[in-house]
Amino acid sequence: MINKAKELNLAIKETNLAKEYLSLKELILNDKYTASLLEVIKQTQNDAKEYLKNNDLKNYQASNNTLKVLKEEFFASPLISNYISIKDEMHRFLEQIVNILSE
C-alpha cells in the first residue's frame, strides 16, 4: 500500500499542473519584492491591532486604508494571481484524486 502511495505521489509530481504549481511557489519564495511587500503588510496589520488595542481610531483607520492598498497591490501582482489560480486548480485536481480513491 505504501509503495502505491509513493507511486501516486511521484505520478502527481510529474504532471504539468504540479510542476507549474511548484515552480510558481518557488518563484514566490525567492521574489524579494513579494517578500518585502508581505513584511510591510504584516507590520501594518500589527500596527492596526496596536492602534485598536489602544483605542486610537484615527491611526487604526489610516492603517486599515494603507493595508487595503497594500493588499490590492499584492493581489494585483501577476505572479501572485497566477499562483492563486494554479493553486486552486491543483486543489481541485487533488480533490478529484481523493474522491476516486475513496470510491
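This is a predicted model: local features need pLDDT of at least 70, side-chain atom pairs count only at pLDDT 80 or more; totals for chains, interfaces and linings use all residues.
Tutor: Let's start with a definition: two rings of Phe, Tyr or Trp form an aromatic pair if their centres lie within 6.5 Å.

Student: How many aromatic pairs does a search of the whole structure find?

Tutor: The search turns up two aromatic pairs.

Student: How do I read such a pair?

Tutor: A pair of aromatic rings is described by two things, the distance of the centres and the angle of the planes. Planes under 30 degrees apart count as stacked, and those over 60 as edge-to-face. Take Tyr-21 and Tyr-83: their centres are 5.7 Å apart with 20 degrees between the planes, and this pair is stacked.

Student: Which parts of the protein does the pair of Tyr-21 and Tyr-83 tie together?

Tutor: Tyr-21 belongs to helix H2 (residues 16-30) and Tyr-83 to helix H5 (residues 78-102), so the pair links parts that are 62 residues apart in sequence.

Student: Is Tyr-21 buried or exposed?

Tutor: A residue counts as buried when its relative accessible area is under 20%. Tyr-21 has 16%, so it is buried. Tyr-83 also has a value of 16% and is buried.

Student: And what kind of pair do the rings of Phe-74 and Phe-75 form?

Tutor: Here the centres are 5.0 Å apart and the planes meet at 85 degrees, so the pair is edge-to-face. Phe-74 is buried, at 12% relative accessibility, whereas Phe-75 is partly exposed, at 46%.

Student: Now the whole chain, please. How many helices and strands does the protein have?

Tutor: There are five helices and zero strands. Going along the sequence, you read the pattern α-α-α-α-α.

Student: What share of the residues counts as buried?

Tutor: Of the 103 residues, 21% count as buried. The protein exposes about 8,000 Å², and carbon and sulfur atoms supply 56% of that area.

Student: Where do the contacts come from, in terms of sequence?

Tutor: Look at the contacts with a separation of 6 or more: residues 24 or more positions apart account for 70% of them.

Terms used:
Residues are numbered from 1 along each chain as its sequence is written. Side-chain values use heavy atoms; hydrogens and water are left out. Helices (H or I, at least four residues) and strands (E, at least two) are DSSP runs, numbered from the N terminus. Buried means under 20% relative accessible area, exposed over 50%, partly exposed in between (1.4 Å probe, protein chains only). Contact means heavy atoms within 4.5 Å. Accessible areas come from the Shrake-Rupley method with a 1.4 Å probe; for residues, only the protein chains shown count as cover. Rings of Phe, Tyr and Trp (its six-membered ring) pair if their centres lie within 6.5 Å; planes under 30 degrees apart count as stacked, over 60 as edge-to-face and the rest as tilted.
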